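Subject: Structure handover and notes

Hello,

Please find the structure below. My notes on it come after.

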Amino acid sequence: MGNWERLVWNQRHLLLDGLVVTVEICLIAFAAAILGGLVLCLVRLYVRPLRQVAIALIEFFRATPIFVQLLWVNYVWPELFGWPGSFFTAGWVALALQSSGYLAETFRAGIEAVPRGQREAGLSAGMSHPLVFRRIVLPQVLLMVAPSLVNQFTVIVKSSTLVSVITVQDLMFQSQKIVNTWLDPIEILTATAAIYILVVFAVSALGKALADLLRRRYGLAAS
Amino acid sequence: MSAALAEALNPAVFWEYRAILLKGLAFNFYVFACAAAAALILGLGAALLRVNRWRALRWAGTLHVEIFRNAPDYVMVVWIHFVLPLLLGLAIGRRLEFPPFLSAVIALGLVYSGYFAETFRAGIQSIPLGQIEAGRACGMPERLILWRVILPQVVRRMLPEAVNQFVSLFKATTIVSLIAVPDLMYQVSMVTQQEMRPLPLYTGAALTYFAIVFLAASLVRAAAERWRQKVYA
């Protein structure tokens, strides 16, 4: 047990710092992915001239492995666009790109599932297109896709371990730093794996409960 | 920016190193094939545990699924490569090391077995109980019922979901470069260090993976759908 105390418990500040960075990067990436997914999806559905561009971007983001995207954003984008300026930004941008492709398709399925008649009813009651979308379509879509959103967030948490490769100091990075300092990987890597498994498990269990609660409360049967 | 864009899309470096890069890509396919086989077998095993009549075995199946489905694949790859050999070594009292390829296959196989187990289980539980009872009434042994009645229908039903998981698994094979399996990403980093031209190399890698995954996924999805319709009709 000496190693557990020395390598895991006594290093808890490092691990906690790492966990905070992990949480930060995941939340930022998730918010950006929802926003990006919504924009991609709306452009694909309603902006005729840019439709093909949106489809190409969605397919590119979905079909390229996250690790490849991460290195691509990190090494190529700064020269191409002069941005992102930090590893942390590159990390969440890459995580968000991948998920925005998946979420765009999720949102599209949700929007197409809202009956046409509801939209027409809104329009004939004198509501404008954006208002119909905001007040009638979007709330239902968000309830419908809530479980997929939770699922995508767990994917982001799992993929976020890779940002340690570009030296973002997340939980995985701190854990490997401890391994490299003490050269004794058993306890620390096992603890790290356990933390990640518990976090992802908790996120998906709580998220599913929350999604079901919202869906029941606002009139959609639980999945 | 236009100069940078031209550099990023310049295929010359990629073409110059095509032999070594192609060899790297082959490793992605090796890892994918071995891990997919392992994941299917372990996943079926875990699914059968989860629908077993003994509670302890059901729990074991659930534990397997929850651990591996919730584990990030990079963490799993690192754990299997750096910790598992040490633990096994302690158990048998000898120093042990896994070749990176083996670690990659075990780790990805385990992680994806968690996903496949859930797909198998959903398929198995969608088979009406009456069919199993009918099999028993005809005097078929349990194993025969599994192979002749349940699995053929399960495989057809889980196909679309399974294709998605195969796609994810192939995409996940890119991370094995981090434990020095010489796959395409590994070779790209090596060549980048030598040539100091990350733009065309990383862009080329991204486009290569995109083309492969996009084409393969579209083809396999279309083929799976056709086969399903033919068999159902």
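First, the conventions. This is a predicted model, in which local features need pLDDT of at least 70 and side-chain atom pairs count only at pLDDT 80 or more, while totals for chains, interfaces and linings use all residues. Residues are numbered from 1 along each chain as its sequence is written, chains are lettered from A and ligands numbered from 1 in the order in which they are written, and side-chain values use heavy atoms, with hydrogens and water left out.

Contact between the chains

Chain A gives 34 residues to the contact and chain B gives 37, where contact means heavy atoms within 4.5 Å. Between them the two chains bury about 3100 Å², of which 79% is on carbon and sulfur atoms. Buried area here is the accessible area (1.4 Å probe) that two parts lose on being put together, summed over both. On the chain B side, the residues that lose the most area to chain A are Asn70(B), Tyr74(B) and Lys171(B), together 19% of what that side buries. The count of salt bridges between chain B and chain A is 0; a salt bridge is a side-chain nitrogen of Lys or Arg within 4 Å of a carboxyl oxygen of Asp or Glu.

Salt bridges

Over all chains the structure holds 11 salt bridges. Three of them are described here.

Glu118(B) and Arg50(B) form one, at 2.5 Å from N to O. Glu118(B) is in helix H7 of chain B and Arg50(B) in helix H3 (residues 18-50) of chain B, so the pair ties together parts that are 68 residues apart in sequence. Helices are DSSP runs (H or I, at least four residues), numbered from the N terminus. Both Glu118(B) and Arg50(B) are buried. The cut-offs are under 20% relative accessible area for buried, over 50% for exposed, and in between for partly exposed (1.4 Å probe, protein chains only).

Glu97(B) and Arg95(B) also meet in a salt bridge, at 3.4 Å from N to O. Glu97(B) is exposed, with a relative accessible area of 63%, and Arg95(B) is exposed at 72%.

In chain A, salt bridges that share partners join Arg44(A), Glu105(A), Arg108(A) and Glu112(A) into one network. Within it, the closest N and O atoms of Arg108(A) and Glu105(A) are 3.1 Å apart. These two are separated by about one helical turn, because they are 3 residues apart in helix H6 of chain A. That helix spans residues 87-113. Glu105(A) is buried at 16% relative accessible area, whereas Arg108(A) is partly exposed at 21%. Not counting residues up to four places away in sequence, Glu105(A) touches Arg44(A), Ile58(A) and Arg62(A).

The second largest pocket

This pocket has a volume of about 630 Å³. On a 1 Å grid over the protein atoms alone, a pocket is an open set of points where a 1.4 Å probe fits, with protein on both sides within 12 Å along at least five of seven lines; lining residues have an atom within 4 Å of a point. Grid points are joined across faces, edges and corners, and the volume is the space filled by probe spheres set on the points.

There are 17 lining residues, and those closest to the centre of the pocket are Val51(B), Asn52(B), Arg136(B), Glu142(B) and Ile150(B). Two or more lining residues come from each of helix H7 (100-125), helix H8 (129-137) and helix H9 (142-172) of chain B. H9(B) gives the largest share, 5 residues. By type, the lining has 10 nonpolar, 2 polar and 5 charged residues. Ala, Val, Leu, Ile, Met, Phe, Trp, Tyr, Cys and Pro count as nonpolar, Asp, Glu, Lys and Arg as charged, and the others, Gly among them, as polar.

Backbone details

Most residues other than glycine have a negative phi, and most peptide bonds are trans. The peptide bond between Trp83(A) and Pro84(A) is cis, with omega about 0°. Pro84(A) is in the loop between helix H5 (77-81) and H6 of chain A.

Thr167(A) has a positive phi, near 65°. Thr167(A) sits in the loop between helix H8 (129-159) and helix H9 (171-182) of chain A and is partly exposed at 39% relative accessible area. Met196(B) has a positive phi too, near 55°. Met196(B) belongs to the loop between helix H10 (184-195) and helix H11 (198-232) of chain B and is exposed at 62%.

Regards
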